[in-house]
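Work through the exercises below with the sequence and the model open. Try each task before reading its solution.

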There are 2 protein chains.
Amino acid sequence: MTDNTVFVGNKPVMNYVLAVVTQFNQGADHVAVKARGKAISRAVDTAEIATNRFLEGVQKSGIITGTELVDTESGQTNVSSIEITLSKIP
Amino acid sequence: MTDNTVFVGNKPVMNYVLAVVTQFNQGADHVAVKARGKAISRAVDTAEIATNRFLEGVQKSGIITGTELVDTESGQTNVSSIEITLSKIP
């Protein structure tokens, strides 16, 4: 099984929804939607839109939040992260 | 027990961290951190900062995301929502 992860950034949300839907259509059983910082809201949007409007028989099976240490020009800083796992209902 | 909910909006994140910490200091066993739309990332920040830097013996006990129908001037629209429950470790 390949690594079924979609990293959500600053592009329009439908780009990421399409990426998620494509992975399930290619046979994935689980897809992880990940984001950091301000993209976290868009990751939640991605998971909601994908499960409510495009994918039959797929549900949110887990949500994890955390804090990551990131290097910037002005030193290290903490950013929040989220990982939403979507899974086919067996 | 009163309703221990902190609604996260557009103010600086530390305002909401302080609200969460205050509720635990007043004896709450659980505090729900809620947000909608773009404030979702700030809600995750609030929960992370509160548990990592200010509260001993408090952990994230549950995270729920969903979609809510909201009335706007131009009709109804869907927005994503999040609810992060923080609980004292027994």
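The model is predicted.

**Exercise 1. Work out the strand order of the four-stranded sheet in chain A, and find its edge strands.**

Solution. Start with the order: S1-S2-S4-S3 in chain A. The sheet is open, and its pairing is mixed. Next, look for strands that pair on one side only: these are S1 (5-7) and S3 (58-72) of chain A.

**Exercise 2. Determine in which sense S1(A) and S2(A) pair, and over how many bridges.**

Solution. S2 of chain A spans residues 30-36. S1(A) pairs with S2(A) in the parallel sense, over three bridges. Take A:Val6 as a case: its bridge partner in S2(A) is A:Val33.

**Exercise 3. Identify the strands of chain A that helix H1 of chain A and helix H2 of chain B lie across.**

Solution. Take H1 (residues 13-25) of chain A: this helix lies across S1, S2, S3 and S4 (75-88) of chain A. H1 runs at about 175 degrees to S1(A). Now turn to H2 (residues 40-54) of chain B. This helix lies across S3 and S4 of chain A, at about 65 degrees to S3(A).

**Exercise 4. Find the residues that touch the most other members of the largest nonpolar core.**

Solution. The core has 48 residues. A:Val20, A:Ile82, B:Val20 and B:Ile82 touch the most other members. Follow B:Ile82. Beyond four places in sequence, its contacts include A:Ile82 in the other chain, and B:Val33, B:Ala35, B:Ile40 and B:Ile63 in chain B. In soluble globular proteins, nonpolar side chains tend to be buried together.

**Exercise 5. Decide whether B:Ser41 is buried or exposed, and find its polar partner.**

Solution. Locate B:Ser41 in helix H2 of chain B. Its relative accessible area is 6%. The cut-off for buried is under 20%, so B:Ser41 is buried. Its side chain makes a polar contact with the side chain of A:Ser41, at 2.7 Å. Neighbours within four places aside, B:Ser41 contacts A:Gly37, A:Lys38, A:Ile40 and A:Ser41.

**Exercise 6. Classify A:Arg36 by accessibility and list its contacts.**

Solution. A:Arg36 lies in S2 of chain A. Its relative accessibility is 43%. That value falls between 20% and 50%, so A:Arg36 is partly exposed. Leaving aside neighbours within four places in sequence, A:Arg36 touches A:Glu68, A:Val70, A:Val79, A:Ser80 and A:Ser81.

How values were computed. Residues numbered from 1 in each chain as written. Chains lettered and ligands numbered in written order. Predicted model: local features only at pLDDT ≥ 70, side-chain atom pairs only at ≥ 80, totals over all residues. Heavy atoms only, no water. Pairing = 2+ DSSP bridges. Helix = DSSP H or I, 4+ residues; strand = E, 2+ residues; numbered from the N terminus. Contact = heavy atoms within 4.5 Å. Axes fitted to C-alpha atoms, helices over the stretch in contact; angles between N-to-C directions. Core = buried A, V, L, I, M, F, W, Y, C linked by side-chain atoms within 4.5 Å. Buried < 20%, exposed > 50% of the residue type's maximum accessible area, 1.4 Å probe, protein only. Polar contact = N/O pair within 3.5 Å; in protein donor to acceptor, adjacent residues only side chain to side chain.
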